[in-house]
Amino acid sequence: MKAAKQLKLGLSLRGGGYHAAAWRHPDVPLDAERSVAHYVRVAQTAERGKFDMIFLADALGVRKSGNDFNQLSLSGTPFRFEPVTILSALAMVTQRIGLVATASTSYHEPYHVARLFGSLDLICGGRAGWNVVTSIAAAEAQNFSRDAHFGVEDRYARAREFVEVVFGLWNSWDEKPFTNDRSAERFFDPGKLHRLDHKGDYYAVRGPLNLPPLPQRRPVISQAGASDAGQDLAAATADIVFSAQQTIEGAQAFYRSVKDRTVSHGRSPEAVKLMPGLLPIVGRTQAEAEDKHGALQALIDPKLGLSLIEAMVGDLSGYPVDGPVPVKELLADQTTAPSIAKALQQMSQDKGFTIRQLWESVALGRGHGIVVGTPETIADHMQYWMEAEAADGFNIVPSHLPVAIDDFVDLVVPELQRRGLFRTDYEGETFRDHLGAPL
C-alpha cells in the first residue's frame, strides 16, 4: 500500500525573525542578527523538530535605496551573515537537518559556487543545498561595478548556463575513484577524474573541480522565481521551489504550473517539492495566539510602518494612518514593484484596510501566508493546503526568534505527527534522503 504523503518543512532562519519590529520584542536577543550562539540555538531546535532544512536567504547588499540610513535604522535587519560561512558553523552542531544557502548567479562565478557548496556538502556529510537566485535589488548591482542588473531574459539565460556548469563540475569524478590501498601505485584512478571543458554563451570553464566526490553527488537545489523564466529554471533543475502565496487559489495555480513544467522537462512531478512560506503565530488557545499577534503588531513604530510600504505604494506620510489607503492616487507615479503595488491596492480595497492595517500586514508576513491560532488550527491549514495540491510542505518564516520556533516545534509538530502528516525521525543520512529527492 502506498504510504500517506507527508509534509516537508523548512525553517527560514533570519536573525531575530521576520516581523519588521521583532528586534523590539523582549524575548528576542538584541544581538540576534550577529550572534552565532543564537543561530545555533534556533538550528538545534529545528533539528529537534525533525525539520527537513534550515534555509538562509541572502542579498549582496543593504536593500535600501540611496543613503537613507535614518529609515534603515528603524529596522533590526540591516545586515546578515554570509550564509555558507554560518552554515559551515551550524554543520558542526547539527547532524541530520539540511543546510540551504542562497548564492546569486549574477554576481558569482560557477566555479566559486560549485566549490562553496561542494565544500559545505563535505563538511556537513551530505546535507548541503544551494538556493539559486538571479538577484533583484539595485543595491546588489551597484556593489559589483554595475549601475543596473542584467535584463530579465539575460539574467535567466545566464542562470541556466551557470547551473549547467555547476552540475558539470560536481560530476568531475566517477564513482569510487580512490584505491584506498597504501601499497598501490596511485592514490586514485586517473581515468575517473574528468575535465569539464565547458564553452558556452556566457561561461568558459575548464575544470575539474578541486574537491573529492561529494556525499550527495549533487547538493539539493532550491529556487524561488515566480516569473515564467523562474518557473522554467526551477522545473528543469530544482528539487525545492519556495513561493509567497496568500490564497489557496493562487497557490494551487502556481503548484500546477510548476508541476506541469517539470513534466515537460522529462522529470516526475514528484521530483520538485513546492514549499510556500508560512508565518504561524501559535497559542495554546485562540485568545493566547491573538494576544501574541497583537503584542508584535504594537511594536511597529509608525515611521517604520510607513517605510515598509513606501517602496510599494508611495509616500503616505501626509495621510491619517487610521484612514483608508489612498493607493489609487499614488499608483500613477509609482514605478517600484508595480505588481506588488497592484496586489496591495486590491487587498486594501477588498478588506477595507487603513494605512496602519496595511503596514501591519506587510510587517508581519512580508508577502507570505499568515495563520494565527492553536496548534490544531495551524495543522488544519497545512493539511488542507497539502491535500488540495497547493503545497508539498512549507517554509516556516518565524515572526520572532527563538520564541516562534520553540512554539512551533513544541506545539504544532506533535499535532502534525499525531495526524501522520510529518515524520517522527529522519529517513536516511543525507538531505536528499529525507527530502525524498533522488538524483
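1. Rings of Phe, Tyr and Trp are taken here as a pair if their centres lie within 6.5 Å, and a pair counts as edge-to-face if the planes are over 60 degrees apart. By this rule the structure, which is a predicted model, holds 12 aromatic pairs.

2. Because Y39 belongs to helix α1 (residues 36-48) whereas F81 sits in the loop between α2 (69-72) and α3 (83-91), the pair ties together parts that are 42 residues apart in sequence. The two partners can also be described by their accessibility: Y39 counts as buried, at 3% relative accessibility, while F81, with a relative accessible area of 28%, is partly exposed.

3. W130 and W170 make another pair, and since their planes stand at 90°, with the ring centres 6.4 Å apart, this pair is edge-to-face. Distant parts of the chain are linked by it, W130 being in strand β4 (residues 128-133) and W170 in helix α6 (residues 152-170), 40 residues apart. Both W130 and W170 are buried, and both belong to one aromatic cluster that also includes F117, F162, F167 and Y203.

4. The charged end of R218 is placed over the ring of F167, 4.3 Å from its centre, and F167 is itself one of the residues of the aromatic cluster. Elsewhere, R14 lies over the face of Y18, with 4.8 Å to the ring centre.

5. As background, an α-helix has 3.6 residues a turn, so residues three or four places apart point the same way. After α4 comes G125, which has a positive phi, near 70°.

6. Finally, L274 is found in strand β9 (residues 273-282) and is buried, its relative accessible area being 2%. Leaving aside neighbours within four places in sequence, L274 is in contact with V241, F254, Y255, V258, K259, A391, D392 and G393. Of these contacts, G393 is 119 residues from L274 along the chain, yet the C-alpha atoms of the two are separated by 6.5 Å.

Definitions and conventions: Residues numbered from 1 in each chain as written. Predicted model: local features only at pLDDT ≥ 70, side-chain atom pairs only at ≥ 80, totals over all residues. Heavy atoms only, no water. Helix = DSSP H or I, 4+ residues; strand = E, 2+ residues; numbered from the N terminus. Buried < 20%, exposed > 50% of the residue type's maximum accessible area, 1.4 Å probe, protein only. Contact = heavy atoms within 4.5 Å. Phe/Tyr/Trp six-rings, centres within 6.5 Å; stacked < 30°, edge-to-face > 60°. Lys NZ or Arg CZ within 6 Å of the ring centre and 35° of its normal.
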